[in-house]
Amino acid sequence: MNFLGAAGGAVGGDGGDDETDKEKEEEAERERQEAIKEAEDRRKEKHRKMEEEREKMRQEIRDKYNIKKKEEVVEQAPQEEPNPLMRKKKTPEELAAEAEQEDLDDFTKLKNSIETQVNEIKTQIEGKCSLQ
């Protein structure tokens with residue numbers, strides 16, 4: 001009988017402990033996230049300072065040897081498409097704009113006009129010639 005009473009007390013409980021446990025877990029999670037964010041901020045600041053020092057040293061070397069800084073080459077490198085399969089998908093609006101731009105292209109206009117003329121001549125010839 002003592003066994004049933006102990007089990008009943010453990011299962012039933014008063015419910016207050018569950019809420020405080022959840023609150024403690026949520027608070028611990030918030031503190032953990034905050035600590036991660038602070039560590040990331042410190043790491044970024046450390047790397048920013050290191051890069052500033054490096055750039056200062058680079059500039060001193062450039063000044064010493066009269067070398068001009070090449071910014072254009074650095075900017076052009078990331079613009080290359082690394083993999084066509086990983087490119088950003090185009091929205092329907094972008095696709096429509098491209099199609100419209102193609103329609104406005106002079107070469108495309110010329111091609112379309114020639115195709116329509118050829119089709120007209122073809123229908124005229126088919127109308128005059130009949131298989132008997």
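Tutor: Asp41 and Lys37 sit 4 residues apart in helix 2, so about one helical turn separates them. Keep in mind that this is a predicted model. The two side chains form a salt bridge, with their closest N and O atoms 3.8 Å apart; the cut-off for calling a pair a salt bridge is 4 Å. Lys37 has a relative accessible area of 53%, so it counts as exposed, while Asp41, at 39%, counts as partly exposed.

Now look for that spacing elsewhere in the helix. Arg30 and Glu27 are both in helix 2, 3 residues apart, which is again about one turn. Their side chains meet in a salt bridge at 2.6 Å, N to O. Arg30 is partly exposed at 48%, and so is Glu27 at 35%.

Arg48 and Glu45 are another pair: they're 3 residues apart in helix 2, so about one helical turn lies between them. Their salt bridge comes in at 2.3 Å, N to O. Both count as partly exposed, Arg48 with 39% relative accessibility and Glu45 with 31%. Salt bridges can also link up through shared partners: Glu51, Arg54, Glu55, Arg58, Arg62 and Lys69 are joined into one network that way. The total count comes to 12 salt bridges.

Asp18 is exposed, because its relative accessibility is 52%. Together with Asp17, Glu19, Asp21, Glu23, Glu25 and Glu26, Asp18 forms a negative surface patch.

Finally, follow the chain into the loop between helix 2 and helix 3, where you'll find Asn66. Most residues other than glycine have a negative phi. Asn66 has a positive one, near 55 degrees, and Asn66 counts as exposed at 69% relative accessibility. Ile67 is in that loop too, partly exposed at 47%. Here the surface has a nonpolar patch: Ile67, Ile61 and Tyr65 make up about 330 Å² of it.

Terms used:
Residues are numbered from 1 along each chain as its sequence is written. This is a predicted model: local features need pLDDT of at least 70, side-chain atom pairs count only at pLDDT 80 or more; totals for chains, interfaces and linings use all residues. Side-chain values use heavy atoms; hydrogens and water are left out. Patches are made of residues with over 30% relative accessible area and no salt bridge: like charges are joined within 9 Å, nonpolar side chains (Val, Leu, Ile, Met, Phe, Trp, Tyr) within 5 Å. Accessible areas come from the Shrake-Rupley method with a 1.4 Å probe; for residues, only the protein chains shown count as cover. Lys and Arg count as positive and Asp and Glu as negative; His and the chain ends are not counted. The place of a charge is taken as NZ of Lys, CZ of Arg, CG of Asp or CD of Glu. Buried means under 20% relative accessible area, exposed over 50%, partly exposed in between (1.4 Å probe, protein chains only). Helices (H or I, at least four residues) and strands (E, at least two) are DSSP runs, numbered from the N terminus.
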